[in-house]
Amino acid sequence: MSRIITHYFFVQSPWAFFGIRRAIEIAARHNAKIDHRPVKSSEIFKHGGGMPLKQRPLPRQAYRMVELKRWRSYLDIPLNETPEFFPINESLAAGTIIAAKLDGQDVSNLIETIMRDIWVNQRDAASPDVIAAALHHNGLSSDYLELAGDGAVLDTYDAYTEDAKTANIFGVPTYFLGDEMFWGQDRLEFVERALATQD
């Protein structure tokens, strides 16, 4: 089993936000690395039989809110369950993350900052100014924002999405250790248990 945690996520997923810091901490405890791979929600929903939030039946929408509040309390992670800027077009944020990653940067903290902007700070993560501020906050060049629409970045975004579909991902966050899939931030304990068997 690999000591690389492959992390597939949507930038604006509250569940991925609940998981990001814990995944970083788990990787650090077990000397593992995280391969962050933003993917396109529309493609993953289509492939896996899911649907965007507003298209889901009302009982499912209502229970999602119950679970968000429940996990917010349990994890003690602040979250506005009805953020001002949601849903968003996450292509700019995803492209910026990929551009920095392709340049060899560790993008873990950048991802967390952007997710926190959406779910805590009520900022529009589709705005270049917000993404530029997230880069600055993490000591990263604003050049990555300019490269968000670069051909190599767009190709990588597509490739990550196709890889996720090939792996039969149907929701996020999804983590892989080698070929073993763990779906959901509530499966991070199992990710850690799997890593611990290799220590």
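1. Start at Val11. In this predicted model, Val11 is in contact with Glu90, Ala93, Ala94, Ile97, Ile114, Met115 and Ile118, leaving aside its neighbours within four places in sequence.

2. Val11 also belongs to the largest nonpolar core, where it is among the residues with the most contacts inside that core.

3. Next, Ile114. This residue lies in helix H5, which spans residues 108-119. Is Ile114 buried or exposed? Its relative accessible area is 1%, so Ile114 counts as buried, the cut-off being under 20%.

4. Which residues does Ile114 touch, not counting those up to four places away in sequence? They are Val11, Ala93, Ile97, Ala125, Ile131 and Ala134. Val11 has Ala93 and Ile97 on its own contact list.

5. A spacing to check on screen: Ile114 and Ala94. They are 20 residues apart in sequence. From C-alpha to C-alpha, Ile114 and Ala94 are 9.8 Å apart in space. Ala94 is one of the contacts of Val11.

6. Now the strands. S3 covers residues 174-177 and S4 covers residues 180-183. The two run antiparallel and are joined by four bridges. Thr174 has Trp183, in S4, as its bridge partner.

7. Last, the turn of that hairpin. Two residues sit between strands S3 and S4. Gly178 takes a positive phi there, near 60°.

Technical notes. Residues numbered from 1 in each chain as written. Predicted model: local features only at pLDDT ≥ 70, side-chain atom pairs only at ≥ 80, totals over all residues. Heavy atoms only, no water. Pairing = 2+ DSSP bridges. Core = buried A, V, L, I, M, F, W, Y, C linked by side-chain atoms within 4.5 Å. Buried < 20%, exposed > 50% of the residue type's maximum accessible area, 1.4 Å probe, protein only. Contact = heavy atoms within 4.5 Å.
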